[in-house]
Amino acid sequence: MNCHCGTTKTYQDCCEVFHRNNGKTETAEQLMRSRYSAFVIADGDYLMATHHSSTRPTKEKKAIVKWAKSVQWIRLEVLETTKGTENDTEGTVTFNAYFFENGNVDVIHEKSAFVKENEQWFYLGLSR
Ligand SMILES: [Zn+2]
């Protein structure tokens, strides 16, 4: 079975690696993909750990986990990335995340901003 994030690797060889090492990815896209997979398995700890401390929605953690469990995740589509490589300290990932909610297909379309701090990528929020 392919990883939740839609690569051709298995979950064990893909996002689980980052779920186990607390989000130490090489690229912003890997972090974004692993965060999508964390939504699929409703891993709230990982979502908080990989969210930059300046914007981390700690108080909403329970609600986020509850919501992530309540929907059926369909697939992730990465549309575009800027920077975000091993040699960068910032980057963006634009994506569509499809899910079923109350019997309807819905999609989150977002251009996310990522920053690297202490050699680790973090999700900052919507890119401006
Ligand atoms: Zn993956």
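This is a predicted model: local features need pLDDT of at least 70, side-chain atom pairs count only at pLDDT 80 or more; totals for chains, interfaces and linings use all residues.
How many bridges join strand 3 to strand 4, and do these strands run parallel or antiparallel? Six bridges join strand 3 (residues 104–117) to strand 4, and the two run antiparallel. Strands here are DSSP runs of E with at least two residues, helices are runs of H or I with at least four, and both are numbered from the N terminus. Two strands pair if DSSP finds at least two bridges between them.

Residues are numbered from 1 along each chain as its sequence is written, and side-chain values use heavy atoms, with hydrogens and water left out.

Returning to strands 3 and 4, they form a hairpin with two residues between them. In the turn, Asn118 has a positive phi of about 50°. Phe114 has Tyr123 of strand 4 as its bridge partner. Strand 4 (residues 120–126) has five of its seven residues buried, so it is largely enclosed by the rest of the structure. Buried means under 20% relative accessible area, exposed means over 50%, and partly exposed lies in between, with a 1.4 Å probe and protein chains only.

Strand 1 (residues 72–83) is joined to strand 2 by 10 bridges, and the pair runs antiparallel. Gln72 has Phe100 of strand 2 as its bridge partner. Phe100 is partly exposed, at a relative accessible area of 35%.

I turn now to the metal site. The zinc ion has as protein donors the SG atoms of Cys3, Cys5, Cys14 and Cys15, at 2.3 to 2.4 Å. Donors are N, O and S atoms within 2.8 Å of the metal (3.2 Å for Na, K and Ca); water is not among the atoms, so sites may look incomplete. Along the chain, the donors follow the spacing C-x1-C-x8-C-C. Cys14 and Cys15 are both buried.

Finally, His51 lies in the loop between helix 3 (44–49) and helix 4 (61–70). His51 counts as buried, at 10% relative accessibility. Its C-alpha atom is separated by 9.9 Å from that of Gly23, 28 residues apart along the chain.
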